[in-house]
Amino acid sequence: MGLFTFSSMLTLSIVFFADVLALPPPAVTCRSGNSNCTISGTYGTWPDRSTCKAAQVFYPASEQQIVDAVAFGVRNNMKMKVVTRLSHSIPKLVCPGGDQGLVISTKNYSRGIVIDRAAMTVTVDSGVELRNFVDTLASSQLAFPQSSYWSGVTIGGLLSTGAHGSSLRDLGSAVHEYVTSIRLVVPASPAEGYAKVLTFTQASEDLDAVKVSLGVLGVLSKITLKVEPMFKRSVTNTMRSDSDLEDQVATFANGNDYGDITWYPSMNQAVYRIDQRVPSIVPGNGVNDFIGFQPTAVLISQATRTTERVFEFTRDTQGTCNRARLQAFTLWTTGYGLKNNGVLFTGYPLIGNQNRIQTSGTCYNSSSSLFTCPWDPSIDGLFFHQTTISIALERSRDFILDVKRLRNATLNGLCGPDGYSGSLMRYVKKSSAYLGKPEDSVDIDVTYYRADDANTPRLNEDVLEELEQMAVFKYQGTPHWGKNRNVAFVNASRKYPNLPKFLDAKKRLDPNGLFSSEWSDLVLGVTTAGLTSDKDHCALEGLCICSSDRHCAPERGYFCRPGRVFQQARVCRFEELLSVE
């Protein structure tokens, strides 16, 4: 406890006054020029801890160079995937499969931003990063209405995974709802030069396939999006008891332009973010610089991880809960990183331009080895799972009541996620995109400790597995395509009524499946065997749902048991091993 207290307070002082940031590790490293390559995610480890390989990587800087890269792959019958500079998705969306595939990086295809004021649109290269995008618009007194909370992503990546903010107003919070046209590079016949560019507009039925595609249709090139005149936002956080949370979820969504809720189940509290549009003439120069996305001293990230390991090894649930309470207190007293004058938090409401409020992520875009993103895989810092599931708004009340029952049935069982900034609840509107949300939903984002070793069980493992299975199976939640463990994608394809239309478009645009992979075929239901495992310990990291004790860790006292609230769940629960005299 003392170590975590010290590290938290020291982090706060360092983060506020440090000028140096951190450059993340490259997504692609090659042993010989641009050949014999390994692709890494931003967290350094894929969900199944496998190695993602490719025979070659191309770095196109123009649309014609993308066409050339795709043509090379088609001529050589190579599996192909697109990777961004930061490769921020958790699942293996960028892995072509095997070691003979081709990776096309948009790292150098990131400069084009063309504004059409008459049409109130902007056309961007797919590799343009979100921070650059919204700041460029702001320099012309324009704003983009929605975005992800994390700014270290590209526009192409946002679209491919259906990323979103929080809103049920107007077109909703998903970035793809603001698309007016897309230029897509797809495989072609030899007579057509093996690759060609197709343009999809709002008059094109296939636009609903291309808007959220998981990268399996081709390479996104130019993307045109709707923009608006600059506006400001007024943000106020309020902390309340969670006693009526289940009744507030739906009404709170309807009363806010951008509101969200951070739930701390173990503390019986919830923080409601009241977030409304206001005219640009309203005074205020506030900035959203979320603490979790700020540059953190390497030593601090390492100390925090060491403390987690100690709590896990000693099964110190109380220490985990104390850590969670300190984390929540620190976030609350510092306004979660909101800064009224761009430097310090001085109180509510915080008012600032849309581009300075909608997204944050200052930890990834500079070059110091002393300060990094806390999860930087090169520093032995934070290492975690993320379970991010969207529950239909009409079923959210019952889901929250079930989570409360689970909390009450497990002493301190949900302290772990509360130590990772709580469970974030954002709103996502029903989408016409074939792989978009099929219903108005509340998206629940739960982050929690991941063990260094795949065979090591976690403290309160059973509680988080039951929550995950409850969301996915009992409440038929849909997974965030860019997050989650394998279990969250079980039967996911059945939850999208327009999936047949998507697969039809996929067959027409990429008839030989060169942009598909074993992973994408599994989550889209093209193939069914292989999404989950039957190996020993497979349930510990969400690679299977346990059906036998060996899927857990019986040698360490973790056995496969029914859920406490959702009894159809099968979870790895710790039981004291009795010694035999």
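In which strand is Thr 296 found? In this predicted model, Thr 296 belongs to strand 17, which covers residues 296-297. Thr 296 has a relative accessible area of 7% and is therefore buried. Its side chain reaches the backbone oxygen of Gln 294 at a distance of 3.3 Å.

Helix 7 spans residues 298-313. This helix has 16 residues. From first C-alpha to last, helix 7 reaches 23 Å, close to the 22 Å expected at 1.5 Å a residue. Its buried residues are Val 298, Ile 300, Ser 301, Ala 303, Thr 304, Arg 305, Thr 307, Glu 308, Phe 311 and Glu 312. An α-helix has 3.6 residues a turn, so residues three or four places apart point the same way. Just after helix 7, Arg 315 adopts a positive phi of about 55°.

Two packed helices are described by the angle between their axes and the distance between the axes. Helix 7 packs against helix 8 (residues 317-333) at an angle of about 145°. The axes of the two helices are 8 Å apart. Helix 7 contributes Thr 304, Glu 308 and Phe 311 to the contact. Helix 8 contributes Gly 319, Thr 320 and Arg 323. By class, the contact of helix 7 with helix 8 holds one nonpolar, three polar and two charged residues. Thr 304, Glu 308 and Phe 311 are also listed among the buried residues of helix 7.

Side chains of opposite charge can pair when their charged atoms come close. Over the whole structure, a search finds 40 salt bridges. One of them joins the side chains of Asp 125 and Lys 222, with an N to O distance of 2.5 Å. Asp 125 sits in strand 7 (residues 121-125) and Lys 222 in strand 11 (residues 219-226), so this pair ties together parts that are 97 residues apart in sequence. Asp 125 counts as buried because its relative accessibility is 6%. Lys 222 has a relative accessible area of 27% and is therefore partly exposed.

Lys 222 also touches Ser 181. Ser 181 is found in strand 9 (residues 179-187). With a relative accessible area of 16%, Ser 181 is buried. Beyond residues up to four places away in sequence, Ser 181 touches Phe 200, Thr 201, Lys 222, Ile 223 and Thr 224. The C-alpha atoms of Ser 181 and Val 210 are separated by 9.7 Å, and these residues lie 29 apart along the chain.

A second salt bridge pairs Asp 443 with Arg 426, whose closest N and O atoms are 3.7 Å apart. Asp 443 lies in strand 23 (residues 441-449) and Arg 426 in strand 22 (residues 423-428), so the pair ties together parts 17 residues apart in sequence. Both Asp 443 and Arg 426 are buried.

Arg 550 and Asp 534 form a further salt bridge, with the closest N and O atoms 2.9 Å apart. Arg 550 and Asp 534 are each in the loop between helix 14 (518-523) and strand 25 (558-562), 16 residues apart. Arg 550 counts as partly exposed, at 34% relative accessibility. Asp 534 is also partly exposed, with a relative accessible area of 48%.

Arg 305 and Glu 308 are among the buried residues of helix 7.

Technical notes
Residues are numbered from 1 along each chain as its sequence is written. This is a predicted model: local features need pLDDT of at least 70, side-chain atom pairs count only at pLDDT 80 or more; totals for chains, interfaces and linings use all residues. Side-chain values use heavy atoms; hydrogens and water are left out. Axes are lines fitted to C-alpha atoms, for helices over the stretch in contact, and angles run from 0 to 180 degrees between N-to-C directions. Helices (H or I, at least four residues) and strands (E, at least two) are DSSP runs, numbered from the N terminus. Contact means heavy atoms within 4.5 Å. Ala, Val, Leu, Ile, Met, Phe, Trp, Tyr, Cys and Pro count as nonpolar, Asp, Glu, Lys and Arg as charged, and the others, Gly among them, as polar. The expected span of a helix is 1.5 Å times one less than its number of residues. Buried means under 20% relative accessible area, exposed over 50%, partly exposed in between (1.4 Å probe, protein chains only). A salt bridge is a side-chain nitrogen of Lys or Arg within 4 Å of a carboxyl oxygen of Asp or Glu. A polar contact is a pair of N or O atoms within 3.5 Å; within protein, one must be able to donate a hydrogen and the other to accept it, and residues adjacent in sequence count only if both atoms are side-chain atoms.
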